[in-house]
Amino acid sequence: MNILELISNNFDLWVVPAAAVGLLLCGWVLWLVLRRSSSKAVAEVHVQKHGKDFVDQKIEQDRKTRLFLHSLSVLQRDGRLLDFFDEDLSLYDDEQIGAAVRSIHEDCKKTIKKYIDPKPVIDNEEGERVTIEPGFDIDSIKLVGNVSGEPPFEGILKHRGWKAGKKEIPKLSDIRDAAIIIPAEVEV
């Protein structure tokens, strides 16, 4: 009897808040369960519906990443470019840096010439006045400054741009981990 009287006297003070907290906790747990199960179901439907597209996009992105890292690996292999970037140049005087840079520059330049042979997009000197005709390739020429109206446009060539003269891709290494740019060498 005392317990019932205690509950009825403190109903608004204890029972209602406790019941509300209990309902909120149950609702939150139910929401988490539904969210988790529905996200799995949606993912399964998405993979069934768009699985091939998703897999193809993932493969293409992995291929692009590997090709980018492969380019770095070729410049590292032939010119030790990453080793140079990793050096703390403050430890050396300018003459030592100049000698190292000359060698790295030549080796990397040979490698780039061998595989890409870059050519200027516009074969004029920077600073010259050029005319951009209607129908120009927007991927090849970027107009900057106060651009309005329709071509032809006249302006000053700020940068000639670069395009590949040849597209000779060196053989990809047989490394399975795409994040490996060049393996470590250990002499035994």
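Reader: What should I know before I start?

Author: This is a predicted model, so local features need pLDDT of at least 70, side-chain atom pairs count only at pLDDT 80 or more, and totals for chains, interfaces and linings use all residues. Residues are numbered from 1 along each chain as its sequence is written, and side-chain values use heavy atoms, with hydrogens and water left out.

Reader: What counts as a pocket?

Author: Work on a 1 Å grid over the protein atoms alone. A pocket is an open set of points where a 1.4 Å probe fits, with protein on both sides within 12 Å along at least five of seven lines. Lining residues have an atom within 4 Å of a point. A volume is the space filled by probe spheres set on the points, which are joined across faces, edges and corners.

Reader: Which residues lie nearest the centre of the largest pocket?

Author: They are I141, K142, L143, V144 and I156. The lining has 20 residues, and the space is about 430 Å³.

Reader: Which strands supply at least two residues each of that lining?

Author: β2 (129-132) and β3 (153-156) do. β3 gives the largest share, four residues. Strands are DSSP runs of E, at least two residues, and helices are runs of H or I, at least four, numbered from the N terminus.

Reader: How do the lining residues of the largest pocket divide?

Author: There are 11 nonpolar, five polar and four charged. Ala, Val, Leu, Ile, Met, Phe, Trp, Tyr, Cys and Pro count as nonpolar; Asp, Glu, Lys and Arg as charged; the others, Gly among them, as polar.

Reader: What is the volume of the second largest pocket?

Author: About 290 Å³. It is lined by 15 residues, with S71, Y115, I116, E168 and P170 closest to its centre. Helices α2 (11-79) and α4 (94-115) each supply at least two of the lining residues. α2 gives the most, five. The lining holds nine nonpolar, three polar and three charged residues.

Reader: Which residues form the nonpolar patch on the surface?

Author: V21, L25, W28, V29, W31, L32 and V33. Together they have about 690 Å² of accessible area. Such a patch takes residues with over 30% relative accessible area and no salt bridge, and joins nonpolar side chains (Val, Leu, Ile, Met, Phe, Trp, Tyr) within 5 Å. Areas come from the Shrake-Rupley method with a 1.4 Å probe, and for residues only the protein chains shown count as cover.

Reader: Is V29 buried or partly exposed?

Author: Buried means under 20% relative accessible area, exposed over 50%, and partly exposed in between. V29 has 46%, so it is partly exposed. V29 lies in helix α2.

Reader: Why can side chains pair?

Author: Side chains of opposite charge can pair when their charged atoms come close. A salt bridge is a side-chain nitrogen of Lys or Arg within 4 Å of a carboxyl oxygen of Asp or Glu.

Reader: How many salt bridges are found in the whole structure?

Author: Five. One of them joins D78 and R77, at 3.0 Å from N to O. D78 is partly exposed at 29%, and R77 is partly exposed at 43%.

Reader: Which residues do shared partners join into one network?

Author: Start with K113 and D117, whose closest N and O atoms are 2.7 Å apart. D117 also bridges to K119, at 3.2 Å. D117 is buried, at 15%. K113 is partly exposed at 48%, and K119 is partly exposed at 34%. Shared partners join K113, D117 and K119 into one network.

Conventions: Patches are made of residues with over 30% relative accessible area and no salt bridge: like charges are joined within 9 Å, nonpolar side chains (Val, Leu, Ile, Met, Phe, Trp, Tyr) within 5 Å. Buried means under 20% relative accessible area, exposed over 50%, partly exposed in between (1.4 Å probe, protein chains only).
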